[in-house]
Amino acid sequence: MTDIADFTARLTALTNGRASAPRVKDGIMTLALDVGGLGPDQRDAILAAIRDGGLTVPGVTDVRIAQTAERRPLRIIAVASGKGGVGKSTLSANLAVALHRLGHKVGLVDADIYGPSQARLMGSEDQKPQAREKKLIPVTGTLGIPMLSMAHLVEPGKALAWRGPMVGNALSQLIDADWGETELLVVDMPPGTGDIQLTMVQKHKPAGAVIVSTPQDLALIDATRAVSLFTQVGVPMIGLVENMAGYACPHCGEISDPFGTGGAETAAGEMAMPFLGRVPLAIDIRRQSDAGDPPAAGEGIHADAFRAIAQKVADWLGAQAA
């Protein structure tokens, strides 16, 4: 059996300070728990552990937990690459969708000011954001996910001839929008390591970065540069994703392997960073993405690939919050 003082000390460690001091009256233990920012599985596990632990206190016959949701600052995941053409935007959209399906309150920002693509990928090209108190109100993408992109603010196909300071201000408008109940923001970064990347890491301080690369050596060289940038400014590496990996078609058995397989996983090992998984080079992913129907919103092997990556990202975030 555990006395109330020991249980209170264990409770603080278990919940990372989210729980109030427990009270016991007539055999009933009561306390409040802040569940804001917790995924459903993590929340349920903590609730179960509190109840089980509370019942070990002498005289306690029931444990009642009031769940609250204190508003917490947005946590930002930067999805980046050292070069263009590696499928970073597709990965960002599907990561946001998969995290949403795992129970997280997710928003999506398209930070590629010059080449925005998230409006197409998330089926929201026809929407325009409103403003309230000088803050943009996000539009709604696939599965009701709030999102913002320059594609929602400029005429389709219009080129933006902006210099660095203007681009930085535009990024800040997107990130500092009125995100409501959103707790986790996936930011699709432009390729490279220039002004907008520096503005992002210095002003908005991502919780972590996901680096996307194809398996080929040239892409991995540039991915290494992206890793170096985030490491230099103290942004933790969540991990590396291998996109456009070779695979065998489940319908016809045909092998698609123009870029190879496994190069990014090997590079992750050499850089001592987690490997989050690989996404196949599959025509279905391209077709669904062009149609504004992210594969992660459905079922099947491609949805499973994105879901597995999202679960590793969610686990990383949970470990950082603990």
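**Figure 1. Overview of the predicted protein chain.** Of the chain's 322 residues, 48% count as buried. The model is predicted. Its secondary structure comprises 10 helices and 15 strands. The chain exposes about 15200 Å². Carbon and sulfur atoms supply 52% of that area.

Figure 2. Strand S10 spans residues 184–188, and Asp-188 lies in it. The relative accessibility of Asp-188 is 0%, so this residue counts as buried; the cut-off for buried is under 20%. Two side-chain partners are shown. Lys-88 makes a polar contact of 2.8 Å with the side chain of Asp-188 through its own side chain. The side chain of Gln-118 makes another with Asp-188, at 3.0 Å. Residues up to four places away in sequence are not counted in the list of residues that Asp-188 touches. That list includes Val-79, Ser-89 and Ser-92, along with Val-109, Asp-110, Ala-111 and Asp-112. Ser-117 is also touched by Asp-188, as are Lys-88 and Gln-118.

**Figure 3. The largest nonpolar core.** This core has 38 residues. Val-187, Ile-211 and Phe-230 have the most contacts inside it. The strands giving two or more residues to the core are S4 (75–80), S10, S11 (208–213) and S12 (237–245). The helices doing so are H5 (164–175), H6 (195–204), H7 (217–232) and H8 (263–270). A second, separate core has 35 residues, among them Val-106, Val-186, Val-210 and Leu-317.

**Figure 4. Surroundings of Ile-211.** Neighbours of Ile-211 within four places in sequence are left aside. The residues in contact with Ile-211 include Ala-80, Ala-223, Ala-226, Val-227 and Phe-230. Met-237, Gly-239, Leu-240, Val-241 and Met-273 are also in contact with Ile-211. Ile-211 and Phe-230 are both among the residues with the most contacts inside the largest nonpolar core.

**Figure 5. Packing of helices H1 and H2.** Helix H1 covers residues 4–15, and helix H2 covers residues 40–54. The two pack at an angle of about 170°, and their axes are 11 Å apart. H1 and H2 are therefore roughly antiparallel to each other, since angles over 145 degrees count as such. From H1, the contact is made by Phe-7, Arg-10, Leu-11, Leu-14 and Thr-15. From H2, the contact is made by Ile-46, Ala-49, Ile-50, Gly-53 and Gly-54.

Note on methods: Residues are numbered from 1 along each chain as its sequence is written. This is a predicted model: local features need pLDDT of at least 70, side-chain atom pairs count only at pLDDT 80 or more; totals for chains, interfaces and linings use all residues. Side-chain values use heavy atoms; hydrogens and water are left out. Helices (H or I, at least four residues) and strands (E, at least two) are DSSP runs, numbered from the N terminus. Buried means under 20% relative accessible area, exposed over 50%, partly exposed in between (1.4 Å probe, protein chains only). A polar contact is a pair of N or O atoms within 3.5 Å; within protein, one must be able to donate a hydrogen and the other to accept it, and residues adjacent in sequence count only if both atoms are side-chain atoms. Contact means heavy atoms within 4.5 Å. Accessible areas come from the Shrake-Rupley method with a 1.4 Å probe; for residues, only the protein chains shown count as cover. A nonpolar core is a set of buried Ala, Val, Leu, Ile, Met, Phe, Trp, Tyr and Cys residues joined through side-chain atoms within 4.5 Å. Axes are lines fitted to C-alpha atoms, for helices over the stretch in contact, and angles run from 0 to 180 degrees between N-to-C directions. Angles under 35 degrees count as roughly parallel, over 145 as roughly antiparallel, 65 to 115 as roughly perpendicular and the rest as oblique.
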